[in-house]
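Biologist: Please show me the model, and let us then discuss its local features one by one.

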Amino acid sequence: MAVNHSLATHTLDNGLTIFTREKHDAPVASFWVWYRVGSRNEVPGLTGVSHWVEHMQFKGTPTIAKGAIFREVSRNGGSLNAMTSQDWTAYYETLPSDRIDLALQIESDRMSNSLFDPDEAGSERTVILSERQGAENRPTYLLAEEVYGTAFQASPYRHMVIGYENDLRRITRDDLYNHYQRFYMPNNAFIAAAGDFDTDELLKKIEGAFGGIPAGPPPPPMLTVEPPQRGERTVTLRRPSPAAYLLMAYRMPEARHPDIPALLVADSILSGAKPMGMGGGSAMGRSARLYRALVAGGLARSVSSSAGLNLDANLWTFSSTALPGVEPAQVQTAIEEQIERLKREPVPEEEFRKARKQIRAQYIYSQQTVTSQAFWIGQMEIVDRAARIDTLADEVNAVTGADVMRVATTWLQRDQRTVGWQLPEGDEAGGGSDEEAQRAAAMAEPPRIWYATGVPMTDEPTNTRGFARTELRNGIVLLTQARPDEPTVSATVRIHAGQGATGETRAGLPAFVARMLNRGTTAHSFEAFNEAVDSLGAVIDVDAGRDDIDVSLLCLREDLDAVLTLVSEIIRQPTFPGEELERVRQQTITGLKEQESDTRAMASQALRELLYPEGHPYRLRVSGEIGTVSGFTRDDLVAYHRKYVGPAVTIVSLVGGVADLDAARAAIERHFGDWDVSVPAPRTPPAIAPPSASERAFKEVRGKSQADVVVGYPTLPRASDDYHALNMANIVLGQLGLMGRLGATVRDEQGLAYYVYSSLSPGIENSQWSAAAGVDPGNVERALAGIVGQLRQLRETEVSEAEINDAKSYLTGRMPLTLESPGGVVDLLLMIERFGLGLDYLDRYPEIVRAQTRPGLQEAAARHLDPDRLAIGVAGPNGKDSAGE
């Protein structure tokens, strides 16, 4: 990785400040415009107005048509988004660096020229209400809203960024436009840019694009001051819920406060270092105090803490999800005991070293992409000063044990906290977590298999990307892209031992085996394994899909050998200890209950039951059923692992800080070269046919505000000559720009959904086309009609010349972004291997894309998609309204 240039700062005459950081290892640049306005700047009656204004910034200007921003960035191979927080609103475009001028054009225009058409504002109201309903569907959203509303009595931090529903129903177009005029001006904004550019040249372009925008009057100052809290506050909610959830919030200082470095270390000691910036690392902390006391202690499904950086004093939060049969008071007491311990006992030096290593690693992981770097610059500038991104690590290293005890004593005071519990109504019980629900939704997506007829085993064609492939003597396939100067290594060990590959009929057994892999090995107990991983500042995750078990790692390059030792252990030498089996069983069962209260997961399950017949492995839930999970024994796990986990069904994809293929191979050989276990050849699940006529299933989920709709159709295999044409047609339908034609109609024109999109997930025997939307329960029929209508139009008429050209530009232009992060390349190499595409696939890809035609797209859609033979899954709060009965 090329060494980053220092952070450069420049200010225009109109007050607009620009922060730049050059990074020349990939031809990509990220351009952000930040405004110093967020929900903290809102007044009663107008909550959510900042976020709504953010939405309106995509409705066009006199020179940029509605929808053109998404379309232009997509066709140039870029990504974009916008986000609103308590303290700021930000907009960004990440593009191939030779196309970064497009970002300057967009952002300079909408800084002062955005249109606020009354009809558009009215249409967007429905979208934002749908977004809020989707948020309310998350298990703990309403609990968080109540806790923040109780903890703060005067500060605008007391309301959620999206705002209260009653305010969203009454805010007018003029309210939105006045807010825009008040806060969107160059002297209340700054630019953060990172990537492959010359700073002097970029500054000249920025001066030309933004220099003529006049400064405005200073925005109104924040006058509200939160009064002192004079005692503990409590909140208790009772709702339809599969779990008892705790959210406990203590006062903490603003980001500029000198206690922040010590507070971050204290938080890491309690629950591990957290990811920094946007993307990068994953949460750590399985050896941390809270995890050991509550999760390993058998009290909770999950536990975490969070100390965010804000412009004003905010909340240091602690959250947990109780296991069934555990009294809420036990969970709260266990957290309190760890807090009190932190106050009274000096932290051992070993824990200090671990916390510092984790924070250092998270900082390095946050630098992997230019998007994350630019975000990190902007975030720090908002809450303090941009240059602090280069000093915070040193501040953390200077923290002492006395500092940690002092900040814990100062800020973790019982009379300065708010304690919130959300308890299940009636006799509902069980625990879960948002992570489990998200995992369930991911598991409900179409399956993946990575063996294809004709996968090249030798004589790989040369390629210009530095991709390499080799096989170990025992059959392991190694895929790699060496990046000698990269400070990190990302890798996935993929074992083709999922439900679909083995034909296992007991639902959830492969996933249960996967969850048990790191629970104890011949060399490490679960606790010792977690300690070893956390001490390295590394991340080792185990996950199970329909066809495979993945063990993924992220580490600093100097720790690769030590991390591979741990990865090898959990794959080759798990012991499946009985006491851990019972803990995982309870966690899995409570996770299954969590899935049953998640509308998206249940809609996907309804779809799966329509598509796959009894006996097909893809009909089964990846995580199993309560009945099957309750019956698994240690002997079952040992037997499955012994029979199906071996080198002949294993692929390693490794990208990052290794010298070359030989170095990567040597590292894998050291840890896996003597692995000699015979396993049966994996199965390929049979192809399925679409329904003879459209079918529909509904699952009721109580206590939810939003319904989820998933539409599916089994279609052609990935190897089909029509695949690329159908994929491009689907990009036009549901992905290009703001979710393609579906986004333009169902979301933007009709205002029926916050999200709606379509996808084509490739497969060996079948790919699966699907569309999904989150809608108000009363709008299910209209949303479905919109989706089916657009699908029918795709079959009956050719796409426009502009649409196919935009799709081609998008598919070829996005390659630099795909190749920027090591993790992205890890996934890409696995996909290439899975379908036997050859390591020169990316070199051939532009010509494949250019060869597609408008008639070809229409013919592929007509042959391989049928709007009269769809499977439709719906889940929501009311069966009659949502299912159209």
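Modeller: A definition comes first: buried means under 20% relative accessible area, exposed over 50%, and partly exposed in between, with a 1.4 Å probe and protein chains only. Helices (H or I, at least four residues) and strands (E, at least two) are DSSP runs numbered from the N terminus. This is a predicted model, in which local features need pLDDT of at least 70 and side-chain atom pairs count only at pLDDT 80 or more, while totals for chains, interfaces and linings use all residues. Residues are numbered from 1 along each chain as its sequence is written, and side-chain values use heavy atoms, with hydrogens and water left out.

Biologist: Within what arc do the buried residues of H15 fall, seen down the axis?

Modeller: Helix H15 spans residues 401-411, and its buried residues are Val-404, Val-407, Ala-408 and Trp-411. They line one face of the helix, because the arc, taken from the directions from the helix axis to the C-beta atoms, is within 100°.

Biologist: Which elements do the buried residues of H15 pack against?

Modeller: Contact here means heavy atoms within 4.5 Å. Two strands are among the partners, E8 (245-252) and E10 (314-322). The helices are H9 (260-271), H11 (328-344) and H12 (349-365).

Biologist: How are H11 and H15 oriented to each other?

Modeller: Two packed helices are described by the angle between their axes and the distance between the axes. Axes are lines fitted to C-alpha atoms, for helices over the stretch in contact, and angles run from 0 to 180 degrees between N-to-C directions. For H11 and H15 the angle is about 130°, with the axes 7 Å apart. Angles under 35 degrees count as roughly parallel, over 145 as roughly antiparallel, 65 to 115 as roughly perpendicular and the rest as oblique, and H11 and H15 are therefore oblique.

Biologist: Which residues of H15 are met by Leu-342, Lys-343 and Arg-344 in H11?

Modeller: These three residues belong to the H11 side of the pair. Their counterparts in H15 are Val-404, Met-405, Ala-408 and Thr-409.

Biologist: Is Thr-61 buried or exposed, and with which side chain does the side chain of Thr-61 make a polar contact?

Modeller: Thr-61 lies in the loop between helix H1 (49-56) and helix H2 (68-75), and counts as buried at 7% relative accessibility. A polar contact is a pair of N or O atoms within 3.5 Å; within protein, one must be able to donate a hydrogen and the other to accept it, and residues adjacent in sequence count only if both atoms are side-chain atoms. At 2.6 Å, the partner of the Thr-61 side chain is the side chain of Asp-109.

Biologist: Which backbone oxygen does the side chain of Ser-241 reach?

Modeller: Ser-241 is placed in the loop between strand E7 (233-239) and E8. Ser-241 counts as buried at 2% relative accessibility. At 2.8 Å, its side chain reaches the backbone oxygen of Ala-243.

Biologist: What is the phi of Phe-576?

Modeller: Most residues other than glycine have a negative phi. Phe-576 is in the loop between helix H20 (560-572) and helix H21 (578-595), and is buried, with a relative accessible area of 2%. Although Phe-576 is not a glycine, its phi is positive, at about 50°.
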